[in-house]
Amino acid sequence: MSTYRVLPGPEHFLPPAAASMGIRLPNPGEAHINGAIVSEDQAYEEAARQFLMAKVPTIFPGPLVLWAWNEKAAKKATAIRHLFNTMKECAQPGQKPMLIPMPDYRPKYPKINPEVEINPNHPNLTIWHNKIDCCMFIGVHCHQANLSLKIIRGGTSCYTVAMCAQAGHEDAMLSFRDASVEKIMKLAETIKRLKGTVELRSNSAKG
Amino acid sequence: MSKERIQISEDLYDIMPSDYQDLVKSATYGKEDRGWKDIGTSKELIEQHSLCAGCPESMAFRYILASLPNPEDTVMVGSTGCTSLVFPMVAVHNIHSLFGNQNAVASGLKRALSVRFPDRVKDVVVLAGDGATVDIGLDMTLQAWFRQEKFTTICFDNELYANTGGQESGLMQKGFVAKMAPVGKLFDKVRLPEIARESGCHYVVNCTVSKPSLVEKVIRNAVHVAREIGPTYLQLYTPCILEIGKNSMEGLQEMRDSEKPTERFAYKEFVSEPAKQLLAELAAKDKERKAAAKQLAGKA
């Protein structure tokens, strides 16, 4: 078993792909935290704790949920909004939850506006600008999510969560797999349940 | 992709950047008589471009995107060059190919789309510079025409390799001295419009982009002919103002000067017999549709 752990960075300019360091993906019903396989329930608790601890917990919805491709996508969007509203309700003083979209993957010229969007080719800009210290990717195609997660791990100290609709992401610090409306709602419930039990992190994201 | 499917999820609509909201609200996808006159009143399918200030290529891009008859079902194929800097900002499906490969990529794409969507009109439009079309990619360009591939090839002819500093290209005029071609071009500009006609293109036009109405007309014609009959080719003069020593305000005049009857971009058009017939039919239908619309408006 690998001794490598997927931890908040900045790791270095080109962090290794976690898969190449021996990190494997969870099986159905499991998740991973820092590269170690855990039960999904454990992951809900940890993700909720990270969100409640962060000064700027942020959800990054991607094109798969931002655009209403089908009924399922629209329902996931509703669940994401519910999760964000829950984060806001449970926010402690000094905490500022954000919901920032990744509408598409094209490299944008002359630059993106980091206040309103995130781009997978330079996600660190949005994270630095908004001082985001915990984020969750959802509805981002796997290859773009992997790219972003690696860049974030390389250049920022942001804690990354992936709510993946496929097999999960090794490059996130915490990853769910087979994301569904129910799983998003369960995360929201867990945040609500743990409200008041977690202290706000004292230092914000470094980069 | 049908335009009905390009909808933002209601619950996340408010967080979408305004350019995406505008695209859904007021772009001209699906509008039958879309054209350059929509520029300024509807959301354009090109966001901020990254070309130089006053670049005629940016005008050409705007006119072309405003004139495509079926943008939601069009795939554009680009190649290396200034155009490749613009494609990321374009709200039409597009593919960037290897330098010169654009017509080979478009051939496969068009065939695949015909198999995958047999009941849907899918247009493929190649848009590349003169280096990609005439020098590096001439083989692919010609072979696609020989094979009668049903797509449109547009060449943005700036008569040199612009974004690498001004090297000589096949479409450069004879005697021209560029920054990276100090001796001056020794042979004539390649006569690609004539080659296109002889290679089997059914609709060929050589012109500048100084007149938006003309660009609109030739784009629509070229796409319609390519859709129904066979390959079409447009060679549009988009001078590189930096490389020919002009200021940003002088691009339009340069094009006007180059389209005079004795100049190299005097309007030139070749239309095959089947294409002529098709265009006449389309014009008649269009006239009929407009008359009916007018009558309806009169009644209302």
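Reader: Why is Gln7(B) called partly exposed?

Author: Gln7(B) has 14 C-beta neighbours inside 10 Å. A residue is buried with 20 or more other C-beta atoms within 10 Å of its own, exposed with 12 or fewer, and partly exposed in between, the C-beta atoms being placed from the backbone. The count of 14 falls in between, so Gln7(B) is partly exposed. Bear in mind that this is a predicted model, where local features need pLDDT of at least 70 and side-chain atom pairs count only at pLDDT 80 or more, while totals for chains, interfaces and linings use all residues. As for the names, residues are numbered from 1 along each chain as its sequence is written, and chains are lettered from A and ligands numbered from 1 in the order in which they are written.

Reader: What is Gln7(B) in contact with, leaving aside its neighbours within four places in sequence?

Author: Trp67(A), Ala68(A) and Val24(B). Contact here says that two C-beta atoms, placed from the backbone, lie within 7 Å. Gln7(B) itself sits in the segment before helix 1 (18–26) of chain B. Helices are DSSP runs of H or I with at least four residues, strands are runs of E with at least two, and both are numbered from the N terminus.

Reader: How many residues do chain B and chain A bring to their contact?

Author: 16 residues of chain B touch 22 residues of chain A. The chain B side has nine nonpolar, four polar and three charged residues. In that sorting, Ala, Val, Leu, Ile, Met, Phe, Trp, Tyr, Cys and Pro are nonpolar, Asp, Glu, Lys and Arg are charged, and the others, Gly among them, are polar.

Reader: Why are helix 2 and helix 8 of chain B called oblique?

Author: The axes of helix 2 (residues 56–67) and helix 8 (residues 212–228) of chain B cross at roughly 50° and come within 9 Å. Axes are lines fitted to C-alpha atoms, for helices over the stretch in contact, and angles run from 0 to 180 degrees between N-to-C directions. Under 35 degrees is roughly parallel, over 145 roughly antiparallel, 65 to 115 roughly perpendicular, and the rest oblique. Roughly 50° belongs to the rest, so helix 2 and helix 8 of chain B are oblique to each other. Among the residues making the contact are Tyr63(B) and Ile64(B) from helix 2 of chain B, and Val215(B) and Ile219(B) from helix 8 of chain B.

Reader: Buried or exposed: which is Glu159(B), and how do you know?

Author: Buried, because Glu159(B) has 26 other C-beta atoms within 10 Å. Glu159(B) lies in the loop between strand 4 (152–157) and strand 5 (160–161) of chain B.

Reader: What makes the phi of Glu159(B) worth a remark?

Author: The phi of Glu159(B) is positive, about 65°, although Glu159(B) is not a glycine. Most residues other than glycine have a negative phi. Asn34(A) also has a positive phi, near 55°, and is partly exposed with 17 C-beta neighbours inside 10 Å.

Reader: Why do strand 2 and strand 4 of chain A count as edges?

Author: The open sheet of seven strands in chain A has the order 2-1-7-6-5-3-4, with mixed pairing. Two strands pair if DSSP finds at least two bridges between them. Strand 2 and strand 4 (98–99) of chain A each have a single partner strand, so one side of each is left without a neighbour in the sheet.

Reader: How do you know that strand 5 and strand 6 of chain A pair?

Author: Strand 5 (residues 134–138) and strand 6 (residues 159–163) of chain A share five bridges, in the parallel sense. Met136(A) stands opposite Val161(A) there.
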